[in-house]
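Me: I am new to reading protein structures. Could you walk me through one, feature by feature?

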Amino acid sequence: AAAARLPRTARRAEDFSSLKVADLKEKCKAQGISITTSMKKADLIRELEAAFAKDAPTEGDEEDLKKLTVGQLRERCDSLGLSSAGKKADLAARIEEAAEGDGASDEVEEEEEEEEEEEPLPAKSAKAKKGGKAAAAVPAAFEVDETVEGYFEKEEQWYEAKVLKYLGGGKYNAVWVDDRGKGDEAQTLGPGFIRKRLAHVDRAGPFLAGEAVEGYLEEGQQWHPGIIQENHKDGSFRVLWDEDATEHTLVAKDMKKIAPRLELLDLGPGLRMKATINSIRDFGAFVDVGAVREGLLHMSNIKQTTRPMNAPAFDVGERVTAYFDDDMRWHPGTIDSMNGDGRFNIRWDGGGDDAEVFACEVKGIKLQDERRLPFKVGDRVDVWVAKVEERAGRFSVSMFEGGRRGPTKQRDYSAFESMDPTVSVTGIIRRVLDMGFVVEIQAPTGARETGFVHLSQIRDHRVENVAEYGRVGDEVDVRVLTVDVKGEKMSLSMRPIY
């Protein structure tokens with residue numbers, strides 16, 4: 001609802017005489033009262049009392065919270081013992097929830113007030129916490145005179161500000177560096193409204209309180225923007241989300257710093273960077289290193305993993321091809337979860353997040369690539385820039401130090417040289433490319449290797465779309481046309497001999 005009846009505690013008078021002049025000025029600004037340097041304490045108190053009396057709703061009135069300023073909403077939250085962190089919508093929502101809960105007890109409270117004089121409200125402790133225990137003091141994330149970025153709610157923009165004083169509880173007094181249109185008076189910037197300057201963030205350095213980050217939540221498998229509020233010194237961090245002003249505890253591997261995007265000319269071979277795995281393909285992965293575009297982590301530049309003896313046959317997130325009984329064909333997909341009965345749940349490609357999941361036995365599942373990947377989508381890994389092509393607008397990275405290419409396994413095709421080019425053998429499609437298929441076959445000696453079926457060798461007629469003639473995991477009949485042992489390659493054909 002746009003309007004809400006405030007709880008009775010928010011309508012009680014406040015004793016302004018006990019406050020200091022600086023605090024009175026802060027309250028005046030929060031209430032939207034214009035003040036001048038010539039105003040004395042008595043003048044400030046008079047203005048506040050007049051505004052309070054005018055602003056306080058009478059019994060039965062409803063108040064439109066949308067008309068209140070952020071400062072007024074925070075004052076109401078403080079008086080109700082509610083959190084004053086977050087944006088305007090968050091503050092209004094908290095007050096409305098409190099109003100709904102308070103309405104049910106108003107009648108009882110009014111009867112009690114008729115019998116006894118109302119007691120003054122106790123002062124709200126900044127360290128009050130659920131359960132009655134005092135919360136540990138939040139250490140300052142910013143130093144006095146440090147230039148930071150503050151959120152100016154009127155324009156919904158971040159601007160540079162200078163820190164004047166730490167008020168405790170994650171709140172700071174600060175002034176705008178460029179005060180045009182913002183006022184030259186000191187502002188109170190609370191949690192979520194103050195952060196380190198993005199342009200000065202040390203990308204490769206440790207995470208610091210006050211830095212803007214993106215945090216990865218496994219349950220939604222998404223990245224969310226927020227600001228680090230505190231380093232717990234145990235490897236975890238308290239992060240306040242931008243979206244709903246709620247807090248979450250994260251570890252370093254689930255965070256990445258928010259900073260201006262790097263141009264390709266800022267990258268150079270051998271530069272070490274942190275990369276987030278954005279997507280995985282048959283030929284490798286696309287990663288985000290904080291540049292203006294994604295980088296390619298080719299399969300040849302990915303470190304191999306050593307698998308423990310007691311590890312399951314497949315890991316969650318691995319790319320596989322699995323046999324689907326209903327159509328008796330092999331289909332590409334991803335291991336979604338382990339079923340608990342020795343089977344694995346497969347999420348087929350092409351269905352998105354809503355794709356159905358099917359249980360498959362181990363014997364009906366094969367890895368799409370012989371090499372297991374040491375990461376999954378969303379993971380953070382160390383990489384080195386391998387190559388930058390500015391004109392083409394692309395770059396590649398490597399998991400091997402310095403950006404060098406990883407060691408390649410020598411492939412032996414000698415066992416396939418003697419195979420009769422007129423005899424077909426059964427192979428399995430491992431990759432589908434624009435120009436043809438990569439098919440794995442077995443030699444009479446038992447050796448297995450892959451060869452290439454060019455689109456001209458798929459059918460007797462012209463082939464426009466390779467994908468129409470086979471999918472990853474499909475079994476196909478092929479013939480060995482040529483074998484180049486030195487070049488480590490083999491040409492195959494799916495065309496029959498008449």
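Reply: Happy to! Let's begin with strand E14, residues 284–288: it is mostly covered, with four of its five residues buried. Keep in mind that this is a predicted model.

Me: Which strands are joined to E14, and how do they run?

Reply: The general idea comes before the case. Strands of a sheet pair through backbone hydrogen bonds, either parallel or antiparallel. Here, strand E13 (residues 272–281) is joined to E14 by five bridges, and the two run antiparallel. E14 is also joined to strand E15 (residues 295–298), by four bridges, again antiparallel. You can follow Gly-284 in E14 to see both: Arg-281 stands opposite Gly-284, and in E15 the bridge partner of Gly-284 is His-298.

Me: How many residues lie between the strands of each hairpin?

Reply: E13 and E14 form a hairpin with two residues between them. The hairpin of E14 and E15 has six residues between the strands, and there Gly-290 takes a positive phi near 90°.

Me: Which residues other than glycine have a positive phi?

Reply: Most residues other than glycine have a negative phi, and most peptide bonds are trans. Two cases to look at are Asp-145, with a phi near 75°, and Glu-156, with a positive phi of about 55°. Asp-145 sits in the loop between helix H5 (106–115) and strand E3 (147–152). Glu-156 is in the loop between E3 and strand E4 (157–168).

Me: Are Asp-145 and Glu-156 buried or exposed?

Reply: Compare each value with the cut-off: a residue is exposed if its relative accessible area is over 50%. Asp-145 has 52% relative accessibility, so it counts as exposed. Glu-156, at 57%, counts as exposed too. Leu-65 is in the loop between strand E2 (63–64) and helix H3 (70–79). The C-alpha atoms of Leu-65 and Ile-95 are 8.7 Å apart, although 30 residues separate the two along the chain.

Me: Which residues of helix H1 are buried, and where do they lie around the axis?

Reply: An α-helix has 3.6 residues a turn, so residues three or four places apart point the same way. In helix H1 (residues 21–30), the buried residues are Leu-24, Lys-27, Cys-28 and Ala-30. They cover an arc of only 160° around the axis, so they are on the same side of H1. After H1 comes Gly-32, which has a positive phi near 80°.

Me: How many salt bridges does the structure hold, and which parts of the chain does the pair of Arg-261 and Asp-288 tie together?

Reply: Side chains of opposite charge can pair when their charged atoms come close. The structure holds 24 salt bridges. In one of them, the side chains of Arg-261 and Asp-288 meet at 2.6 Å, N to O. Arg-261 lies in the loop between strand E12 (255–257) and E13, and Asp-288 in strand E14, so the pair ties together parts that are 27 residues apart in sequence. Arg-261 counts as partly exposed at 45% relative accessibility, while Asp-288 counts as buried at 10%.

Asp-349 and Arg-319 form another salt bridge, their closest N and O atoms being 2.7 Å apart. Asp-349 is in the loop between E18 and E19, and Arg-319 in strand E16 (residues 319–324), so this pair ties together parts 30 residues apart in sequence. Returning to Arg-261 and Asp-288, salt bridges that share partners join them with Glu-214 and Lys-256 into one network.

Me: What is the order of the strands in the open sheet?

Reply: The order is E19-E18-E17-E16-E20, five strands with antiparallel pairing. E19 (357–360) and E20 (365–367) are the edge strands, each pairing on one side only. From one strand to the next, the twist averages 45°. Within this sheet, five bridges join E17 (residues 329–338) to E18 (residues 344–348), and Ile-335 stands opposite Ile-346 in E18.

Me: Where does pLDDT stay under 50?

Reply: The average pLDDT of the chain is 80, and 82% of the residues score at least 70. Stretches under 50 include residues 57–62 and residues 106–135.

Notes: Residues numbered from 1 in each chain as written. Heavy atoms only, no water. Buried < 20%, exposed > 50% of the residue type's maximum accessible area, 1.4 Å probe, protein only. Arc of directions from axis to C-beta. Pairing = 2+ DSSP bridges. Axes fitted to C-alpha atoms, helices over the stretch in contact; angles between N-to-C directions. pLDDT = per-residue confidence, 0-100. Contact = heavy atoms within 4.5 Å. Salt bridge = Lys/Arg side-chain N within 4 Å of Asp/Glu carboxyl O.
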